[in-house]
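Visitor: I'd like a quick tour of this one. Can you take me through it piece by piece?

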Amino acid sequence: MTATAERLTADIGIGGMTVRLHVPDEAFLRMVEDRYAGFPGSGDDAECDFDIELLPERPTEIDSVGMADRDAEMDPDEDVRVWREGEMWNLTRGDFCAEWNPAERRGRIRQSMNPYSVDCVLRIVHTLALARNGGGFLVHAASAIRNGKAFLFSGVSGAGKTTISRLAPGDATLLTDEISYVRRAGEGYVAYGTPFAGELAEPGANVQAPIDTLFLLAQGPENRITEIASPSEAARALLRNILFFAHDAELVNRVFRAALDFVQRVPVKRLTFMPDERVWELIE
Amino acid sequence: MSEPMNEAMSEQGERKQRYVKRSRTVAARTLGDETMIMSALDSSLFTLNETASAIWNAADGVTPLEQIVEQRVCADFAVETEEAMRDAEELVNNLAQHGILMVSDSPIGEAV
């Protein structure tokens, strides 16, 4: 990440895409620098610039601008909502509200002083950008590189993403234990490291490699790899784990096609494992 | 739009003509012998087997369902017409309930 104190900007590069944050103060800048230290961006070709405004504990000023109106209505327990109004994407959760105009490459985030809000915005923006550009997605999966090949380990919470990450041998490079970044490249797909960590609480390495196999995780009494019965079963499993927030017909269509294209190009198998490092003897 | 199967018969016991058309608010793709369909409205996901896929692919809004079943199901899958029609009615009613297939007593044009 590059940061210029005078301008208080931070450039974060994930998956080959740079997001520039215009942060409100030095404290916020240090917080962002710490969190995304391994993911520098290239500010000259930032996909979008976000102005971050710090909210007071509870908003008190209400003006006529729609975004400020929404601030006043922010519910701390509200789930993520993403919707589009014309060219503008609106992103809200209990702890933030944001706008992003991809055509103008500009956006705004209003949040309190915490690292989680901007992290959530980054995840959403990347899912939208990947869907818009086609051929990629974020997926609930751990991933690692071994022998120059990337392996994904997908599953819902509790399936074992962090466990298999902890069991990885020294010659494996961990890309993430929580959210894998997948992009189409040529005739195949590439996995990128992400700073989006799960229980491991460690960012992944900022490297990439062609994806060799997507494993659907299951815990069991032995370590074994089994074939998936049909491409549609593989696609269903993948779609269940893809991060996607927006109920937008065009983007849903694109994500659907990306997922089905993926399962036709990348082997998808079930990996049953017990909490034992020998599982990695099957993965190389 | 959809109607119970027993209402698909006329008072004289004759089967009413029904027309089916794929919704434009879905994404669909064939994988092997199956067709996967995702609703763009609520992201719900459906998988159709080979015979259901044949009906789905022929659901152009102007070919009667009975004709689709005879030509695309009975002819290719060696199944009796009555049994095939029962299954087809159940399928189209189910898909119509989820808004991914339109069903009508008259041909369905682009405006529907």
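Guide: Of the 112 residues of chain B, 32% count as buried. Buried means that 20 or more other C-beta atoms, placed from the backbone, lie within 10 Å of the residue's own; exposed means 12 or fewer, and partly exposed is in between. This is a predicted model: local features need pLDDT of at least 70, side-chain atom pairs count only at pLDDT 80 or more, and totals for chains, interfaces and linings use all residues. Residues are numbered from 1 along each chain as its sequence is written, while chains are lettered from A and ligands numbered from 1 in the order in which they are written.

Visitor: How many helices and strands are in chain B?

Guide: Chain B has three helices and six strands. These are DSSP runs numbered from the N terminus: helices are H or I with at least four residues, strands are E with at least two. Along the sequence the pattern is β-β-β-β-α-β-α-α-β.

Visitor: What is the strand order in the open sheet of three?

Guide: The order is E5-E1-E6 in chain B, with antiparallel pairing. Pairing takes at least two DSSP bridges between two strands.

Visitor: Why is one side of E5 and of E6 left without a neighbour?

Guide: Strands E5 (60-64) and E6 (101-104) of chain B are at the edges with a single partner strand each, so one side of each has no neighbour in the sheet. Neighbouring strands are turned by 25 degrees against each other on average, direction ignored.

Visitor: What packs on that sheet?

Guide: Helix H3 (residues 81-97) of chain B, touching E1 and E6 of chain B. Its direction makes about 115 degrees with that of E6(B). Axes are lines fitted to C-alpha atoms, for helices over the stretch in contact, and angles run from 0 to 180 degrees between N-to-C directions.

Visitor: Which residue stands opposite B:Tyr19?

Guide: B:Pro64, in E5(B). E1 (residues 19-22) and E5 of chain B are joined by two bridges.

Visitor: New topic. How many residues of chain B are in contact with chain A?

Guide: 12 residues of chain B contact 13 residues of chain A. Contact means C-beta atoms, placed from the backbone, within 7 Å. Strands E2 (26-31), E3 (34-39) and E4 (45-48) of chain B each give two or more residues to that side.

Visitor: How do E2(B) and E3(B) pair?

Guide: Antiparallel, over six bridges. They form a hairpin with two residues between them. B:Gly32 in the turn has a positive phi of about 65 degrees. B:Ala28 stands opposite B:Ile37 in E3(B).

Definitions and conventions. Contact = placed C-beta atoms within 7 Å.
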